[in-house]
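Dear colleague,

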Amino acid sequence: MAILDVIEFLDPTGRQLVHRVPEGGSGEFRLGSQLVVRESQTAVFFRDGKALDLFGPGRHTLSTANIPLLANLISIPFGGKSPFRAEVYFVNMADLLDMKWGTMEPVTFRDSEFGMVRLRAFGAYAMNVADPQLFVNKVVGTQGLYETGQIEDYLRTIIVSRFNDLMGQTMKTLLDLPQYYNELGTGLKTAVADDFGNLGLNLKALYVTAITPPEEVQKRIDERTGMGVVGNMQQYMQYQAAQAVGNLGKGDGEGGGDVAGAAGAGLGLGAGMGMGAGMAQIIAQGMQGSGAAGAPQAADPVQSLKQLKQMLDDGLITNDIYEAKRAEILSKM
């Protein structure tokens with residue numbers, strides 16, 4: 001059985017914030033035990049429940065009440081356990097540059113364009129431990145958090161809480177948010193800095209990388225954008241008709257290009273005239289209601305449907321236009 005202990009911790013990932021030795025409970029380190037602290041680490045030595053000293057990189061000799069050779073004798077009245085307990089916390093002092101934060105669930109905000117919207121936000125931040133003893137006392141001792149994932153979740157909660165407050169004060173419409181990401185990040189960093197400082201942490205940078213609505217809200221925005229692109233529906237239908245006429249007027253083949261072109265032009269002109277008359281009639285029929293007494297009555301809807309189908313077969317209108325007008329005519333039958 002070893003008389004003295006060698007206490008050290010090697011983190012191959014470089015991302016573990018704090019590690020306690022022993023991992024569970026407290027230890028019985030003997031007087032003269034060797035503490036090895038690596039670069040970018042600081043060790044906080046606890047004895048009898050109090051943080052007594054900080055140790056930087058290097059080898060250190062611990063002073064405890066557990067005297068070698070007598071430790072077993074001392075522990076007999078206490079059920080084989082020494083009453084002189086101690087722990088060592090290894091704290092990672094390196095800069096952590098790629099920490100993530102984000103909202104777990106969408107948060108509802110007032111929006112000047114959409115009334116109410118639910119938004120999710122994501123970002124990154126960089127930090128380091130500025131005061132290892134305060135960090136161990138506040139986070140490990142008070143919160144009981146040891147695992148890096150637990151500590152990150154706790155810090156994420158702080159950031160999201162401050163973000164919600166900031167957004168509630170500055171939010172106007174989500175359409176303008178992307179141009180304010182830098183300002184939001186700066187404001188959020190200022191709001192969170194004191195919270196991190198109270199935990200012994202130094203917040204070096206904080207960024208807002210995305211603020212997005214849920215999928216269903218994005219669909220509504222896409223629909224609204226599409227309507228804005230289409231603009232005037234009548235002009236859109238005229239554009240579609242002109243495209244169809246242009247296609248009919250194209251000639252192909254060798255040796256008869258002029259004739260084909262002339263014929264195609266005539267066909268296109270005739271089709272365009274026919275289509276214009278037919279479309280005008282169908283649109284007029286669709287817009288006519290039952291009307292007042294003595295008003296002109298709508299033409300035969302069956303005939304209108306046949307004309308509409310013929311225009312679709314001739315490639316004069318798109319399937320979307322066909323379906324829309326067909327539904328409109330059927331609804332008035």
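**Findings**

Thr148 is buried, with a relative accessible area of 16% (buried means under 20% relative accessible area, exposed over 50%, and partly exposed in between, with a 1.4 Å probe and protein chains only). This is a predicted model, in which local features need pLDDT of at least 70 and side-chain atom pairs count only at pLDDT 80 or more, while totals for chains, interfaces and linings use all residues. Residues are numbered from 1 along each chain as its sequence is written, and side-chain values use heavy atoms, with hydrogens and water left out.

Thr148 belongs to helix 3 (helices, H or I of at least four residues, and strands, E of at least two, are DSSP runs numbered from the N terminus). Its side chain reaches the backbone nitrogen of Leu17 at 3.3 Å, a polar contact (a pair of N or O atoms within 3.5 Å; within protein, one must be able to donate a hydrogen and the other to accept it, and residues adjacent in sequence count only if both atoms are side-chain atoms). Leaving aside residues up to four places away in sequence, Thr148 touches Arg15, Gln16 and Leu17 (contact means heavy atoms within 4.5 Å).

The largest nonpolar core has 43 residues, and those with the most contacts inside it are Trp101, Tyr125, Phe135 and Ile211 (such a core is a set of buried Ala, Val, Leu, Ile, Met, Phe, Trp, Tyr and Cys residues joined through side-chain atoms within 4.5 Å). Among the elements that give two or more residues to this core are strand 10 (115-129), helix 2 (132-142), helix 3 (148-170) and strand 11 (201-212). Helix 3 gives the most, with eight residues. A second, separate core of 13 residues includes Val21, Phe29, Leu35 and Phe45.

Four strands form an open, antiparallel sheet in the order 2-7-4-5 (two strands pair if DSSP finds at least two bridges between them). Strand 2 (18-21) and strand 5 (50-55) are its edge strands, each pairing on one side only. Strand 4 and strand 7 are joined by seven bridges, and Thr42 has Val91 in strand 7 as its bridge partner.

The other sheet is also open, with three strands in the order 1-3-6 and mixed pairing. Strand 1 (6-7) and strand 6 (58-61) each have a single partner strand, so one side of each is left without a neighbour in the sheet. Strand 3 (residues 34-37) runs antiparallel to strand 6, with four bridges between them; Val36 is partnered by Arg59 in strand 6.

Two backbone features deserve attention. Most residues other than glycine have a negative phi, and most peptide bonds are trans. A cis peptide bond joins Val21 and Pro22, with omega about -5°; Pro22 lies in the loop between strand 2 and strand 3. Ser40, in the loop between strand 3 and strand 4, has a positive phi near 70°. Ser40 is partly exposed, with a relative accessible area of 40%.

As to confidence, the protein averages a pLDDT of 75, and 65% of the residues score at least 70 (pLDDT is the predictor's confidence in each residue, from 0 to 100). Among the elements, helix 1 (residues 71-75) has the lowest mean pLDDT (40) and helix 4 the highest (94). Over residues 253-273 pLDDT stays under 50, and the model has eleven contacts beyond four places in sequence for them. Residues 289-298 also stay under 50, with four such contacts. Where pLDDT is low, the predicted coordinates should not be read in detail.

Yours sincerely
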